[in-house]
Amino acid sequence: MDKSGSLKNRCLFGMVMFLICVSVLFLTFYVSGLVYDIFILLLMIVAAHEMTNALSFRFDKPGFVMQVLTILVSYAVFKAVGVFTAETDPYGFHAMMSYAVALVAMFIVIFVANMASSRRTGESVIASLFCMIYPVAIMFFLIALNHLPGAQEGLAFNGWVYDPSAGGDYAPNYKAIAIILVFISASASDILAFVFGSSFKGPKFAPMISPKKTVSGAIGGFLGGVLGGAIVFGMSFSGIGGLTGLDSDWHVSLILYLSLGLCVGVATEVGDLMASYIKRYCGVKDYGTLIPGHGGIMDRMDGMMVAAFVTYIYMAILVYVTGG
């Protein structure tokens with residue numbers, strides 16, 4: 001296929017992915033948050049499958065079934081603890097701790113099961129444990145964002161409170177902000193990185209990892225993240241999707257949005273480099289072929305899942321500092 005046909009495919013399926021994401025977010029904020037959880041779980045399973053295939057080019061193939069089991073068991077523990085501790089821990093931190101414990105327990109189970117199997121080697125065990133961290137554990141933070149304090153709907157800066165127990169005080173809708181900002185800022189980072197890199201070129205950013213990446217592209221990625229933060233800040237005045245400001249003072253809110261956008265831009269670039277390094281090490285061009293013109297789920301989610309991890313940490317610190 002020529003370059004024009006490839007670009008057309010990329011744009012077409014990019015639009016399809018955009019519509020799918022918008023639909024999922026709409027159902028998440030206005031119907032049920034479970035829609036989002038199921039969507040991300042499916043993406044995690046596909047991403048784990050793509051990673052096991054990629055690693056098999058370099059190592060003995062890791063067990064995919066155990067990856068699926070880890071994803072489902074860990075999520076079940078996370079969800080159960082979240083439900084039972086909802087009143088005493090509205091921020092979901094206990095659920096996150098339980099997820100970490102479940103993940104470690106699955107680590108041990110998989111290690112013992114693999115070492116006891118005559119069909120497995122030390123290489124496949126290490127590869128399996130690696131998959132549990134990347135992409136499974138990191139990608140889970142996309143789900144964790146959906147369990148931050150938040151609401152189904154709201155309006156910014158007008159005294160609307162998402163939590164009736166807040167006593168009339170202003171309270172940001174952390175959940176909606178985190179999810180929408182990650183999707184918009186990470187996407188804007190990818191787009192501007194491509195535009196700046198293609199237009200300005202210049203010196204290579206990390207030639208040993210990804211020969212095509214340039215310093216100009218990296219700068220574009222950082223600016224894309226900031227632009228995404230600015231876009232979501234602007235959207236917060238409308239209350240779309242339950243968005244609110246991050247502070248009752250719009251000046252402070254703007255600074256918080258832009259700084260978070262920058263963090264997402266940097267994280268997206270780092271995530272992209274991580275994925276590129278693994279692909280280069282394993283000798284594969286793309287993680288999959290599920291999305292024509294884009295590759296696999298991992299090729300699209302590599303930067304976004306690291307951005308979700310950084311965003312969750314940012315929000316957790318903000319919630320702790322402000323007392324929610």
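Accessible areas come from the Shrake-Rupley method with a 1.4 Å probe, and for residues only the protein chains shown count as cover. The chain exposes about 15300 Å², of which carbon and sulfur atoms supply 72%.

The model is predicted: local features need pLDDT of at least 70, side-chain atom pairs count only at pLDDT 80 or more, and totals for chains, interfaces and linings use all residues. Residues are numbered from 1 along each chain as its sequence is written, and side-chain values use heavy atoms, leaving out hydrogens and water.

The pLDDT is the predictor's confidence in each residue, from 0 to 100. Helices (H or I, at least four residues) and strands (E, at least two) are DSSP runs, numbered from the N terminus. The chain has 10 helices and two strands.

| Part | Mean pLDDT |
|---|---|
| Chain | 86 |
| Helix 1 (lowest) | 79 |
| Helix 6, residues 141-144 (highest) | 95 |

Of the 324 residues, 48% count as buried, meaning under 20% relative accessible area, with exposed over 50% and partly exposed in between (1.4 Å probe, protein chains only). A nonpolar core is a set of buried Ala, Val, Leu, Ile, Met, Phe, Trp, Tyr and Cys residues joined through side-chain atoms within 4.5 Å. In the largest one, with 79 residues, Met44, Met139, Leu142 and Met315 touch the most other members. Helix 10 (residues 297-322) gives the most to this core, 14 residues.

Leu27 belongs to helix 1 (residues 3-30) and is partly exposed, at 36% relative accessible area.
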